[in-house]
Amino acid sequence: MLSNMIRLEFSGSCEEARQNILGISWDENEMSKNPLTLIMDTNKFNGTNYNDWLRNLRMVLDFKNQGYVLDKPLPTIRSIILALMTNEIQKQYDRLEDVPSIMLCMKEVYAVPDRHIRFAATKAFFGTKIAEGSSAQSHGVKMLSLVEKLEDLKAGLENDTYTDVIL
């Protein structure tokens, strides 16, 4: 697969690279069938969704065992990264020569620090109350999703704290 990428860097189009590296096709018939295409096409980077965009990009690359390409200065991957952005954002990063430079600049400008995300999740968790007349099951599901989010963010709350707030 690496030899295909290297060959595409010098001879292929962005479309061919996208198909071979990410396994995503521009063919409209294939697009409707390929969930990877849907993920990247519906989550194009627009300047406000960096964390979600990066998570989806890594998910697609990891699925194809290509996650390492974000750390390599491969011109074809640069084209793919730019193609996954809106035109306005592309113009801002088109001058950068390699993927690591693009990713670093994007992180500096657009990444939402975990501290802010953790604060918002903690605030939502402690502020959520069961609505009068709603089911305990729906409240429990909502609270458990917040618990999982806090655990993913390594909020450091004790299990007893989770239980006390939910009850």
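User: In this predicted model, is Val 69 buried or exposed?
Analyst: Val 69 lies in the loop between helix 5 and helix 6 (75-83), and its relative accessible area is 1%. Because burial requires a value under 20%, Val 69 counts as buried.

User: How far apart in space are Val 69 and Arg 58, C-alpha to C-alpha?
Analyst: Val 69 belongs to the loop between helix 5 and helix 6. Along the sequence, Val 69 and Arg 58 are separated by 11 residues. In space, the C-alpha to C-alpha distance between Val 69 and Arg 58 is 9.9 Å.

User: How are helix 4 and helix 5 oriented to each other, roughly parallel or roughly antiparallel?
Analyst: Two packed helices are described by the angle between their axes and the distance between the axes. For helix 4 and helix 5 the angle is about 160°, with the axes 10 Å apart, and the crossing is left-handed. Since angles over 145 degrees fall in that class, helix 4 and helix 5 are roughly antiparallel.

User: How do the residues of the contact of helix 4 with helix 5 divide into nonpolar, polar and charged?
Analyst: On the side of helix 4, the contact is made by Leu 36, Ile 39 and Met 40, which meet Trp 53, Asn 56, Leu 57, Met 59, Val 60 and Phe 63 in helix 5. The division of these contact residues is eight nonpolar, one polar and no charged.

User: How are helix 9 and helix 10 oriented to each other, roughly parallel or roughly antiparallel?
Analyst: Helix 9 (residues 114-127) packs on helix 10 (residues 136-152) at an angle of about 155°, and their axes are 10 Å apart. The crossing of helix 9 and helix 10 is left-handed. Because the cut-off for this class is over 145 degrees, helix 9 and helix 10 are roughly antiparallel.

User: How many charged residues are in the contact of helix 9 with helix 10?
Analyst: Ile 117, Arg 118, Ala 121, Thr 122, Ala 124 and Phe 125 in helix 9 meet Met 143, Leu 146, Val 147, Lys 149 and Leu 150 in helix 10. These residues divide into eight nonpolar and one polar, while the number of charged residues is two.

User: Is Phe 126 buried or partly exposed?
Analyst: Phe 125 is buried, with a relative accessible area of 0%. The ring of Phe 126 pairs with that of Phe 125, their centres lying 5.3 Å apart and their planes at 80°, so the pair is edge-to-face. At 37% relative accessibility, however, Phe 126 is partly exposed.

User: What kind of aromatic pair do Phe 45 and Tyr 110 form?
Analyst: Ring pairs, seven in the count, link Phe 45, Tyr 50, Trp 53, Tyr 93 and Tyr 110 into a cluster. The centres of the Phe 45 and Tyr 110 rings are 4.8 Å apart and their planes stand at 80°. As angles over 60 degrees define the class, the pair is edge-to-face.

User: How many residues apart are Phe 45 and Tyr 110?
Analyst: Phe 45 is buried at 0% relative accessible area, and Tyr 110 also counts as buried, at 17%. Phe 45 sits in the loop between helix 4 (35-42) and helix 5 (50-63), whereas Tyr 110 is in helix 8 (residues 99-110). The pair thus links distant parts of the chain, 65 residues apart.

Notes
Residues numbered from 1 in each chain as written. Predicted model: local features only at pLDDT ≥ 70, side-chain atom pairs only at ≥ 80, totals over all residues. Heavy atoms only, no water. Phe/Tyr/Trp six-rings, centres within 6.5 Å; stacked < 30°, edge-to-face > 60°. Helix = DSSP H or I, 4+ residues; strand = E, 2+ residues; numbered from the N terminus. Buried < 20%, exposed > 50% of the residue type's maximum accessible area, 1.4 Å probe, protein only. Axes fitted to C-alpha atoms, helices over the stretch in contact; angles between N-to-C directions. Parallel < 35°, antiparallel > 145°, perpendicular 65-115°, else oblique. Left-handed = near helix turned anticlockwise from the far one by under 90°. Contact = heavy atoms within 4.5 Å. Nonpolar A, V, L, I, M, F, W, Y, C, P; charged D, E, K, R; others polar.
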